[in-house]
Amino acid sequence: MSTTTRAEPAAPVRGTVPLLAITLSGALIAVALGAYGSTHTPTGRPLALVVGFHSMLTMKVWLATAAAGLAFFQLVSAAWMWRRLPGAGEPPAWLGPAHRWSGTAAFLLSLPAAYHCLWSLGFSTFDTRTAVHSVVGCAFYGAFATKMLALRVRRLPGWALPVAGGLLFAALMTAWATSSLWYFGQPGVPLR
């Protein structure tokens, strides 16, 4: 007579269900933005311009550039707070609040640019650059939602928050590179 042993079921990986839920939430936001941008008829005109700008494109370029600069500060300050910045020493007390406020400011600066992208220009796929910009622009807001939710859930794996932050940074920088950086490289474009 043979004896069979029954394997114990594997313990679920810490925070798998919450991680899947917040990732799905972010993905749904990104897809919803893309669907809106794809189905909405672009107006081709700005809704409103921030004071000091004479065109929608220059407003979007400079707001996105400011957001990208703040995102770079986010990357450096996060590395410092998590003690991953070589030679930086102990993070100062002001760094945590500065990290949070710079992230808030970057997000707020991105909103007029993104709104005008979706409302005025729509989800564009007429060339590779605009297709990549449209996809990562929508992905940025999904990644933002995922990261903000990840900050509130305590049972996530230790790698989840840095990965969410890294994806958020990568999406913003790719959106910036395919719009603002590209714009700055064009000959004869107005800068205000």
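Helices here are DSSP runs of H or I with at least four residues, numbered from the N terminus. With that in hand, welcome to this structure, which is a predicted model.

## Around arginine 83

Arginine 83 sits in the loop that lies between helix H2 (56-81) and helix H3 (95-121). The backbone of arginine 83 has a phi near 60°, which is a positive value in a residue other than glycine.

The side chain of arginine 83 deserves a look as well. Side chains of opposite charge can pair when their charged atoms come close. Arginine 83 forms a salt bridge with glutamate 90, and the closest N and O atoms of the pair are 2.4 Å apart. Both partners are exposed: arginine 83 is, and so is glutamate 90. How many salt bridges does a search of the whole structure find? The search finds 1.

## How the helices pack

Now for the helices themselves. Two packed helices are described by the angle between their axes and the distance between the axes.

| Helix pair | Axis distance | Angle | Crossing |
|---|---|---|---|
| H2 and H3 | within 8 Å | roughly 150° | left-handed |
| H4 and H5 | within 8 Å | roughly 150° | left-handed |
| H2 and H5 | 9 Å | about 140° | left-handed |

To place the other two helices, H4 covers residues 128-152, and H5 covers residues 160-184.

What do these angles say about direction? Angles over 145 degrees count as roughly antiparallel. The axes of H2 and H3 cross at roughly 150°, and H2 and H3 are therefore roughly antiparallel to each other. H4 and H5 also cross at roughly 150°, so these two helices are roughly antiparallel to each other. H2 and H5 pack at an angle of about 140°, and that makes H2 oblique to H5.

## Along helix H5

Leucine 167 has its place in H5. Is leucine 167 buried or exposed? Its relative accessible area is 53%, and exposed means over 50%, so leucine 167 is exposed. Together with Trp159 and Val163, Leu167 makes a nonpolar surface patch of about 320 Å².

Alanine 175 is also placed in helix H5. Its relative accessibility is 11%, and because buried means under 20%, alanine 175 counts as buried. Alanine 175 and leucine 47 are 128 residues apart along the chain, and their C-alpha atoms are separated by 21 Å.

Tryptophan 182 lies in helix H5 too. With 37% relative accessibility, tryptophan 182 counts as partly exposed. Between the C-alpha atoms of tryptophan 182 and threonine 65 there are 12 Å, while 117 residues separate the two along the chain.

## A tryptophan in helix H3

Tryptophan 119 is buried, with a relative accessible area of 13%. Which distance separates the C-alpha atoms of tryptophan 119 and histidine 40? They are separated by 7.3 Å, although these residues are 79 residues apart along the chain.

Notes. Residues numbered from 1 in each chain as written. Predicted model: local features only at pLDDT ≥ 70, side-chain atom pairs only at ≥ 80, totals over all residues. Heavy atoms only, no water. Patch = residues over 30% accessible without salt bridge, like charges linked within 9 Å, V, L, I, M, F, W, Y side chains within 5 Å. Areas by Shrake-Rupley, 256 points an atom, 1.4 Å probe, with all protein chains shown as cover. Salt bridge = Lys/Arg side-chain N within 4 Å of Asp/Glu carboxyl O. Buried < 20%, exposed > 50% of the residue type's maximum accessible area, 1.4 Å probe, protein only. Axes fitted to C-alpha atoms, helices over the stretch in contact; angles between N-to-C directions. Parallel < 35°, antiparallel > 145°, perpendicular 65-115°, else oblique. Left-handed = near helix turned anticlockwise from the far one by under 90°.
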